[in-house]
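Hi everyone, thanks for coming.

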Amino acid sequence: MNELNLPVYDVRLRGTRGKPEIFDFLRQKYVALTPEEWVRQHFTHWLIEHKGYPKGLLGNEIMLKCGEKTLRCDSILYDKHAHPQMIIEYKAPAVSLTQRVFDQISTYNLLLHVDYLVVSNGLQHYCCLMDYARRSYAFLKTMPDYSELKGRE
């Protein structure tokens with residue numbers, strides 16, 4: 001797999017050459033090892049081990065219902081009251097983080113109304129802080145530590 005702009009961790013792999021799997025420590029199971037999953041596992045480990053995010057407040061592959069349509073958020077960070085606070089969308093390292101990626105995560109946010117939107121392809125990471133009162137958002141210079149998040153209580 002590709003080298004990422006994220007810290008390495010002790011990756012747990014299994015499976016065959018044709019069907020490799022990686023252990024998802026949030027879902028507590030092995031899942032198909034795709035380039036996007038490689039990014040997800042590294043990013044969530046980085047959040048927990050280096051940025052202080054509580055493991056128990058993160059979830060992977062969260063299903064959302066919008067009428068008859070089913071959507072899946074790659075990862076969601078919840079606050080201590082189980083309200084969604086951050087949506088994280090991952091792409092494979094070869095995928096550029098274009099307006100289309102931001103449109104996708106914005107669609108999820110129409111349902112969840114979170115404070116933070118994050119996109120990463122493992123090489124680049126963008127975090128937006130939403131300002132609903134002003135109907136705007138601001139790109140943050142860095143991914144905030146958990147202790148820096150607004151409204152995490």
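Let's start with a term: a salt bridge is a side-chain nitrogen of Lys or Arg within 4 Å of a carboxyl oxygen of Asp or Glu. Before we count, two notes: this is a predicted model, where local features need pLDDT of at least 70, side-chain atom pairs count only at pLDDT 80 or more, and totals for chains, interfaces and linings use all residues. Residues are numbered from 1 along each chain as its sequence is written, and side-chain values use heavy atoms, with hydrogens and water left out.

Helices (H or I, at least four residues) and strands (E, at least two) are DSSP runs, numbered from the N terminus.

E37 also meets R40 in a salt bridge, at 2.9 Å from N to O. Both lie in helix α1, three residues apart, about one turn of the helix.

Are these residues buried or exposed? Buried means under 20% relative accessible area, exposed over 50%, and partly exposed in between (1.4 Å probe, protein chains only). E37 is buried at 5%, R40 is buried at 2%, and R27 is partly exposed at 25%.

Zooming out, D24, R27, E37, R40 and E61 are linked in a network of salt bridges.

Finally, E89 and K91 form a salt bridge, their closest N and O atoms 3.4 Å apart, and both residues are buried.
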